[in-house]
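Reader: Hey, I'm new to this one. Can you walk me through it while I ask whatever comes to mind?

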Amino acid sequence: MTRVALRGVRAHLVRFVLSVLAVTLGVAFVTGAFAFRSMLSSTFDDIIATTLGADAYVRGADELADAPAQGGTGGGGTATGFGTPRTPVPVALADDVARTDGVARAEPDVSGSVVLVGADGTAVITSGPPSTAFAVQDGDPGVRLTSGTWPSGPHRIALEDSAARTSGLATGARTQVVLGDEPRDVVVSGTFAIEASPAGAILVGVDERTALDTFAPDGLVPSVSVYADPGTSQQQLVAALAPTLPDDAQVVTGDEARDEASEGVEQILGFVETFLLVFAAISLFVGAFIITNTFAMSVRERMRELALLRALGASPQQVFRSILAQAVVVGVLGSALGIVSGAGLVVLIQRVLAARGMELAGSVPLGAVPLAVAVAGGVGVSLAAASVPARRAATVPPVQAMRDDVRPERSVATPAVVGAAVTLLGAALLVLAAALGSSTDETPTGLGLLDDLDPRWVLAAGAAGVLVGALVLSPALARPVLAVLAWPVLPLRPLGRLARGNVTRMPRRTANTAGALMIGMALVSVTGVIAASADASVRSIVDQEMAADYLVDSATFTVPAGAADAVAAVPGVGETDPVRLATLELRSRSDGSGGAGASPAGVSAAGVRPGFFGRALDPVTVEGDPAAALADGQAVVRRLAARDHGWAVGDTVSLRGGTRDLVVGAVIDSQVVTSDVVVPQDVLDALVPERQQSLRVVYVTAADGTRPEALRDGLVAAVQPYLVLSVLDPEEVASSFADQVTRVLNILYALLALSVVIALLGIVNTLALSIIERTREIGLLRAVGLGRLQLAGTIAIEAVLISVYGTALGTAVGIGIGAALPGVLADQGLTTLAVPWGQVLAVLGGAVVIGLVASVWPGIRAARLPVLDAVTTD
Amino acid sequence: MTVRASARGLVKVYGRGDTRVRALDGVDLDLDAAHLTAVMGPSGSGKSTLMHCLAGLDTATEGTIVVDGQDISRMSQRRLTALRRTRVGFVFQSYNLVPTLTAEENITLPLDIARAPVDRDWFDEVVDAVGLRDRLHHRPAELSGGQQQRVACARALVSRPSVVFADEPTGNLDSTSSAEVLAFLRRSVDELGRCVVMVTHDPRAASYAHRVVFLADGRLAGDLRDPTQQDVLDALGGLAL
C-alpha cells in the first residue's frame, strides 16, 4: 500500500507542489522566528559581554522595581541599563574600592544620552538603538583606538567606528553634540572600536571629567566597575569588597551582572519570538486549507482507484494510511525546504539590517529543538489537514469502482446549523466582553460567575468562536452569497453564468479555498479597525485635552533645561509648563509582613506648575477637581493607576523614605499624561532629587493678545540650537501619537501579508486542480466554440468570486470582532470605534486583484488543454 | 444535391516509429445536405478520427477538408474555434451538457459564446421538435439520459450549423431513449433540412440514416443508401470476413 501511495505522489507531483509550498512558507516562518531570536540573543550577549566586561560591580542595594515605562523610555541608555534600575552609588566610592586588596582598578560608570550632529548638519537619529556617551580613556578594557587620540577636555569626543561611518565624521572633523542639557561645539579627536557589534547604537566617547560633569553632577552613578588584579577570581574579589561597602551598596560578580542583564534581554526577545511564532502559526493554519483541498480533490479523482484497491482486499485502515503516507511526504518535503528558506530569510534580514547600519551577530544559529519544532509543525499540519479527506477515502465502498458517477459533495445542512450556533455563541461572548470591559460598575451583568471573568479572555474566546463559526458556516453561506456577488458578472454571457455555476457547485471546496483568505482578511480588518479606532480615539481625546497652544517635544525624550528657558523667553509666550518625570517608590504593601523578595512598587510621577490643569491640559475628570488638587499640593492620579492601586480621592499614599505622604486630590482620564500621578513641582522636588528627574516636555501658551500662529516662528528659532526639539501644535501632537500606533500596525500588516499570499496560493491550487477535474467539461465548451480567452476569462471570474467571497466574509468577521474592542480596550485608550470604510473598499478591490493574479496560471493551463484530449478523456 | 462537407485523400497518422498507426489511410468522402449519414466500422477502424478531423477538432496529417465551402485543413486554432461556434454542431456519447447550466442555457450556449442573439422562433421550433418545453429550467442532473441527449441535439441545432456531428449519440441510452433521439435526428434532417453525420456501431441506429458508410483499417469499405437494419448487419458481416 505504501508503494501505491508513493507512486501516487510521484505521478501527481505537480498536484502537490502548492501543498508543499504552503508547508514550506509556514515552516520557513517558524524557522525564521527561532533563528532571528537566537541571532538577536547572541548579538546582545556580545554587547553585554563587552559593555559589562568588569570582574565585579558595586551598585545600589535596592532595586527600583516595577518602574513603569514613561512614554517611551530609552534615552537613559546606561552601560548597565539592561537590568532593573537600582538606587545609585556615590562616585567617591570608586576610590575606596580601588584601595581594596585585589582590585586593579575601579571606575565609576558614567554614561547618558547624547545627540550627535552628523557631517550633513542634522542630528544622527537611530531607528531604535540608543545614542550613548560614556567615559573612555587609555587602557580601558574592551575598547581599542583605531585612529587619532582619546578625547580630553570638554570639547573633544571620540566616535565608535560605525558611529563615525553613520555620521560621516572623521578624525579632526568639527561638529556639535548635545551633551546633557546644552549643545556644544566639539572636535572629533579619534575613533575607536569595541569588541562586539554596537547593533546600530551611536557610541560617543568623552573624557572622564566631562562625563562626570554631565551625567553625575550630584556625584551619583549607577555602578562602579571593578577589575581584579591578576590571580584574583571574581568570587575572591566580591568576598574582599563586600565587608567594606556601606549599607546601601552591594557588590556582585561580573558573571552575575551579565546573567542578570541577559535575563532581561531574553525576556524581551521571548516576547518577540512568541509574537512572530503566532504569525507563523497563522500561516501554517492557513496552509492547512490548501492541503485539505488538495487531498480532497486527489481522493475524489482517485475514488475508483481507491475502490478498486478496496475491492482487491485493502482494508479501510490501509487506504487511510496510504493517504496519510502521502501527507507525510508533503510535510517532510515542505519542512526541509522551509528550514532552508527560513535560514535564508534570516540571512536576508541580516543583510538588510546591516545595510541600514544595524550589524547583527554573524552566524544564523539553529538549535535541534527549534528544528524539531519546525518539522513537527510542518508534518503535523500536513497530517491533520489530510486526515479528513483520508477518512473519506477509507470509507469508499468497493462497489464505487464499478460505478461511473462521482459521489456528490455532502450536504451543507450540518455545517449550517453548527456554524451558526458557534458564530452566535462567539458573538454573544464578544457582546459580553464589551459589556464587562466598558462597565465601571462592579457587577455589569448581575451574575457573579460572569462578572468575575477577565474581559480579555472572553474577547479572545468570542473572537475564536466567531472565526471558527464563520469557517464552519462558510460552505452553507457560499451558494447564496456567491449568487449575489456574481450579479455584476452575469451580463457577461455565458462566462458569468459558467463561473458562478463552477464556484457554487462545490460549496465546501469553494468555502475551504476562501477560508484561507478569510482568516487573513479577518485579521487584516481587525488590525484596520484597531488602527482607525486608535487614530480616532487619540485625535478626539488629544484635541479635547490639550489646552496649550504648543508642545515642545524631544526626540531623545529629554528636553535640555536651557531650552525650557529659551522657550519661556520668546516674545509673546504667556506661560510655559515644563513637565518633569521621576519614579516614586511606594511603601511596599508587604512591609512589616517580612516577606522576603518583596520589592517596593514604583509609580511614575510628573511634576508640574500649579495651574497646569486648565492651562496646559484639560483632561477628563473622573473624580474631584484636578486644578484645585494641584493648588492644594495634592496628587492627581490617572484612573488606571487609581484602579490598580485601589486609590480614591482623599486616600493617603505613603512613599518609601517617608519624607512626605501624598493625598489623592482628583482622578483623571488622560491620553496625554502617561504618568501615574501628577504632583506640584515643589512636592516632586521634595520627594526626588532633581538629578533623578527628567524634563520630558514643555507646554507653551500664548500671552493674552498674541495669536498662537504668530508664536510658532519664534519658538522654532528658540529650540533650533538644541537640534532634537520639535514644536507641535495640538493637531501635530495628535498625529504624532497616532503615528506611533500606525508604525506598530504596519508591522502587523506586513506579517499578515504572508498569510494572504498563502491564501492566494490556495486559490491557484483549487483552480488548477478543479481544471484537471473539469477536463471533459472544458473540452465540451471548447468543442462548441468557447475561445481560449473566454475560457481564461471564466476562470478569472471564478477566482475573483472566490477571493471576494473570502475577503467579504473575513472583513465582516473582522469588523464584528473589532467592534467589541473599544469596549474591552477602553482602558488602553481605545475609546472610539471607527471602521475604516475606505480601507475596507480598498481591501475588496485588492481581493479582485488577488483573484485575477491567482487565475493567471490556471487560466493559461486550461486554455492550453488540447480540445480533443479533453473530449476523449475517459 | 449540394455537398456540405468533403474530405479528399485524408490521412491521419498517430505516433512515430514503432508505435506509428495510420488511423486514416486516404479517405475520400462527400457529405450531402439534407442527409443523415451514419459512419460505421469495427473498433479502431478510424471512424471517430474521421469525425474529429471533419469537425476541426483534430488536424489531418495529409489531405484537405472543406466544410461549407471553406478549407479547414490549414485553419488556425482561432478560426477553427470560430468555425465550431458557427458552422458545426456536436452531440457526444456522454458528458454533453455543462452541469451548472439549465437545459435552456445549455441549448443557447453556442449562441451565448458567439454573443449572437437567440432567434426565438427557431429556438421554439427546435425545442418543440425535441419535446423539452417543460424541462427547460431543469439542470442536467434532473434529466434522464434520453432527455439529456435530446438537449444536446437541440444545442447542436440551435445555431443553424451547416453540419451536425454526433459521436455515438445513443451509446449510453436504453432502447426507448435511443429511438427518441434517433427519430429526432432524422426529423431534423427531413423537416429542418440539416446535414447530420453520426458515428455509431449500433445497426439499429444506422438504419435511421439515409446513407451508411463503412470504414475498416482507415479506409472506406462500403457505402449503403437507405439501408434496413438487415442490410447493415449483412454489410458488417461482410467486413468481418
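Author: Helices here are DSSP runs of H or I with at least four residues, strands are E runs of at least two, and both are numbered from the N terminus. Before we go on, this is a predicted model, where local features need pLDDT of at least 70 and side-chain atom pairs count only at pLDDT 80 or more, while totals for chains, interfaces and linings use all residues. Residues are numbered from 1 along each chain as its sequence is written, chains are lettered from A and ligands numbered from 1 in the order in which they are written, and side-chain values use heavy atoms, with hydrogens and water left out.

Reader: OK. How accessible is A:His645?

Author: A:His645 counts as partly exposed, because its relative accessibility is 23%. The cut-offs are under 20% relative accessible area for buried and over 50% for exposed, with partly exposed in between (1.4 Å probe, protein chains only).

Reader: And how far is A:His645 from A:Val603?

Author: Their C-alpha atoms are separated by 9.9 Å, and the two residues are 42 residues apart along the chain.

Reader: Let's jump to A:Ser474. Where is that?

Author: A:Ser474 sits in helix H13 of chain A, which covers residues 455–485. A:Ser474 counts as buried because its relative accessibility is 1%.

Reader: What does A:Ser474 touch?

Author: Setting aside neighbours within four places in sequence, A:Ser474 is in contact with A:Ala511, A:Tyr805 and A:Leu809. Contact means heavy atoms within 4.5 Å.

Reader: What about A:Ser131, buried or exposed?

Author: Buried, because A:Ser131 has 16% relative accessibility. A:Ser131 is in strand S5 of chain A, residues 131–135. Not counting residues up to four places away in sequence, A:Ser131 touches several residues, including A:Val114, A:Val124 and A:Ile202.

Reader: New topic: which residues touch the most other members of the largest nonpolar core?

Author: That core has 156 residues, and the ones touching the most other members are A:Phe295, A:Ile763, A:Val813, B:Leu10, B:Leu50, B:Phe90 and B:Phe165. H7(A) gives the most to this core, with 16 residues. A nonpolar core is a set of buried Ala, Val, Leu, Ile, Met, Phe, Trp, Tyr and Cys residues joined through side-chain atoms within 4.5 Å.

Reader: What surrounds A:Phe295?

Author: Leaving out residues up to four places away in sequence, A:Phe295 touches A:Phe16, A:Ile323, A:Gln326, A:Ala327, A:Val330, A:Ala386 and A:Pro389. There is also a second, separate core of 42 residues, with A:Val124, A:Ala163, A:Val224 and A:Val238 among them.

Reader: How accessible are A:Arg59 and A:Glu260?

Author: A:Arg59 counts as buried because its relative accessibility is 9%. A:Glu260 counts as partly exposed, at 33%.

Reader: Which residues form a network of salt bridges?

Author: A:Glu575, A:Asp577, A:Arg609 and A:Arg615 are linked that way. Over in chain B, B:Arg22 forms a salt bridge with B:Asp25, with their closest N and O atoms 3.1 Å apart.

Reader: And between the chains? How many residues does each one bring to the contact?

Author: Chain B brings 24 residues and chain A brings 23 residues. The area buried between them is about 2,300 Å², and carbon and sulfur atoms give 62% of that. Buried area is the accessible area (1.4 Å probe) that two parts lose on being put together, summed over both.

Reader: Where's the salt bridge between the chains?

Author: The rule finds one across this interface, and the side chains of B:Glu105 and A:Arg497 form it, at 2.7 Å from N to O. On the side of chain B that touches chain A, helix H2 (77–86) and helix H4 (109–113) each supply at least two residues.

Technical notes. A salt bridge is a side-chain nitrogen of Lys or Arg within 4 Å of a carboxyl oxygen of Asp or Glu.
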